[in-house]
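Subject: Structure for you to look over

Dear colleague,

Here is the structure I said I would pass on.

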Amino acid sequence: MVGGGDGAFIGAVHRIAARLDDCYEVVAGALSGNAERALRSGTALRLAPERCYTDFRAMAQAEAARADGIDAVAIVTPNHLHAPVATAFMEAGIHVICDKPLGISTAEGVALAALARDRNLVFALTHTYTGYPMVRHARELVASGAIGDVRLVHVEYAQDWMAEAAMQSDEFQRTNWHNDPAKAGPTGCTSDIGTHAFHLVGFVAGMQPSELLAELHAFTPNRTLDDHVQVMLRYPNGARGMLWSSQMATGCENALKLRVFGTKASLAFDQENPNELWLTPQGGCAQRLTRGRVVGAAAEHATRVPSGHPEGYLEAFAQLYRDAAARIHALKAGLPVPEETADLPTVDDGVAGMRFIDAVLASHRAGSRWTALER
Ligand SMILES: NC(=O)c1ccc[n+]([C@@H]2O[C@H](COP(=O)([O-])OP(=O)(O)OC[C@H]3O[C@@H](n4cnc5c(N)ncnc54)[C@H](O)[C@@H]3O)[C@@H](O)[C@H]2O)c1
């Protein structure tokens, strides 16, 4: 693991997710940019002292040289380090599991995609919410034609943590990497959670917009980057969509909600109730589909415990790790990519996310003009 040291947010979640299905052991880490903290954090995880690194490049080289070196690296640093870290490990022949967004520019994302392809390495991107069985079931329903042709999508990802008094302080704005364009990238909320919403709606609806119109906003005084974004979407088949993400949405914890409207029926998913999916036929009653009871290969592949026993965020995260492990094992055995891992988000999804950020910025800067979305 690179990043995820003492006091970090998402690294510990990755470690739980990696180990949930007995697919990985955590054996080495460059867990912080601060040497003392990196060593302290590695010791706390009981890593062997010689595998607690203070520099990710040294770690990549040392691990590649070991007979028992790591198969994969988990990258859980701030955004600006994703590309340098992923590059160092891929150049050492090591598979990558990287958190989103892919990086801070499309150019570096495109280079990562090329490197992964050239070296024939797995590059998983942890768009966590696509690991939920009911999200995968929704994707399968749309692809099967169960809701007809998609004509409208609506996705919102609303949080309120940035509105907390401590986060509104000048001190936080000045020192936290989320507010620093050199570390977060050219957008704030858009990169942080807008990319999750963008990926989720494309994953389920099975289509990508060709144009968008966006407005970025910062409610926080003296903030460089957006803490709110609203976007309208046009699709090549004539469908229309709306996406908004905010970290200033009072009272919202992690409110990621998706609705997809087809010509025959609509679907609704709420991340805070991930064991259910609502299917409503035109003119009919809403049906509550539940994990463990729905019949479908995608949901069954991503389910661990029997119906009625809730699964959640950690299992969704673990699903991405499990799919990545299946791909790594297949590659090592010279086998084709296992079909059942087709839902795993990859570096290509990351590039699409970076192009989304580019188009949002370009539209906003042009006074919220309709802007083509590059493929
Ligand atoms: N998938 C998700 O839902 C999700 C949720 C939260 C965060 N994230 C992403 O995960 C990444 C990390 O976010 P976070 O909230 O955990 O950040 P954080 O600031 O809490 O943790 C970042 C970690 O990276 C370490 N780090 C910094 N420079 C380093 C270096 N040179 N070498 C090694 N380690 C270094 C820090 O010491 C810290 O341990 C971000 O890209 C963020 O967008 C994803």
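Arg-46 is found in the loop between H2 and H3. In this predicted model, its phi is near 65°, a positive value in a residue that is not glycine. Arg-46 has a relative accessible area of 75% and is therefore exposed, the cut-off being over 50%. Asp-22 is another such case, with phi near 60°, again positive in a residue other than glycine. Asp-22 sits in the loop between H1 and helix H2 (35-44). At a relative accessible area of 73%, Asp-22 is exposed too.

The backbone also has a cis peptide bond, which joins Lys-100 and Pro-101 with omega at about -15°. Pro-101 belongs to the loop between strand E3 (95-98) and helix H5 (106-119).

Next, the helix packing. Helix H1 (residues 11-20) packs against helix H12 (residues 313-332) at an angle of about 65°, and their axes are 8 Å apart. The two helices therefore count as roughly perpendicular, a class that runs from 65 to 115 degrees. The crossing of H1 past H12 is right-handed. On the H1 side the contact consists of Val-13, His-14, Ile-16, Ala-17, Ala-18 and Leu-20, and on the H12 side of Tyr-313, Leu-314, Glu-315, Phe-317, Ala-318 and Tyr-321. Sorted by class, the residues in the contact of H1 with H12 are ten nonpolar, one polar and one charged.

A second pair is helix H3 (residues 56-65) with helix H4 (residues 82-91), where the angle is about 20° and the axes are 9 Å apart. H3 is therefore roughly parallel to H4, since the angle is under 35 degrees. H3 also passes H4 in a right-handed crossing. Phe-56, Arg-57, Met-59 and Ala-60 of H3 make this contact with Pro-84, Val-85, Ala-88 and Phe-89 of H4. Seven of the residues in the contact of H3 with H4 are nonpolar, none is polar and one is charged.

Then the interior. In soluble globular proteins, nonpolar side chains tend to be buried together. Here the largest nonpolar core has 48 residues, and Val-204, Leu-212 and Val-231 touch the most other members. Helix H10 (residues 189-205) contributes the most to this core, with nine residues. Another core, of 31 residues, lies apart from it and includes Ile-70, Val-73, Val-96 and Leu-121. As for Val-204, its contacts outside the four neighbouring places in sequence are Val-135, Ala-138, Arg-139, Val-142, Leu-258 and Val-260.

Cys-189 lies in helix H10. With 0% relative accessibility, Cys-189 counts as buried. Beyond its neighbours within four places in sequence, Cys-189 is in contact with Gly-194, Arg-223, Asp-226, Asp-227, His-228, Ser-245, Ser-246 and Gln-247.

Asp-323 is in helix H12. Is Asp-323 buried or exposed? At 0% relative accessibility, Asp-323 counts as buried. Not counting residues up to four places away in sequence, Asp-323 touches Arg-136, His-301, Glu-340, Thr-341 and Leu-344.

Gln-271 lies in the loop between strand E10 (265-270) and strand E11 (276-281). Gln-271 has a relative accessible area of 7% and is therefore buried, which requires a value under 20%. Its contacts, leaving aside neighbours within four places in sequence, are Tyr-129, Tyr-132, Asn-254, Leu-256 and Tyr-313. Gln-271 and Val-135 are 136 residues apart along the chain, and their C-alpha atoms are separated by 9.1 Å. Val-135 is also one of the contacts of Val-204.

Regards

How values were computed:
Residues numbered from 1 in each chain as written. Predicted model: local features only at pLDDT ≥ 70, side-chain atom pairs only at ≥ 80, totals over all residues. Heavy atoms only, no water. Core = buried A, V, L, I, M, F, W, Y, C linked by side-chain atoms within 4.5 Å. Buried < 20%, exposed > 50% of the residue type's maximum accessible area, 1.4 Å probe, protein only. Helix = DSSP H or I, 4+ residues; strand = E, 2+ residues; numbered from the N terminus. Contact = heavy atoms within 4.5 Å. Axes fitted to C-alpha atoms, helices over the stretch in contact; angles between N-to-C directions. Parallel < 35°, antiparallel > 145°, perpendicular 65-115°, else oblique. Left-handed = near helix turned anticlockwise from the far one by under 90°. Nonpolar A, V, L, I, M, F, W, Y, C, P; charged D, E, K, R; others polar.
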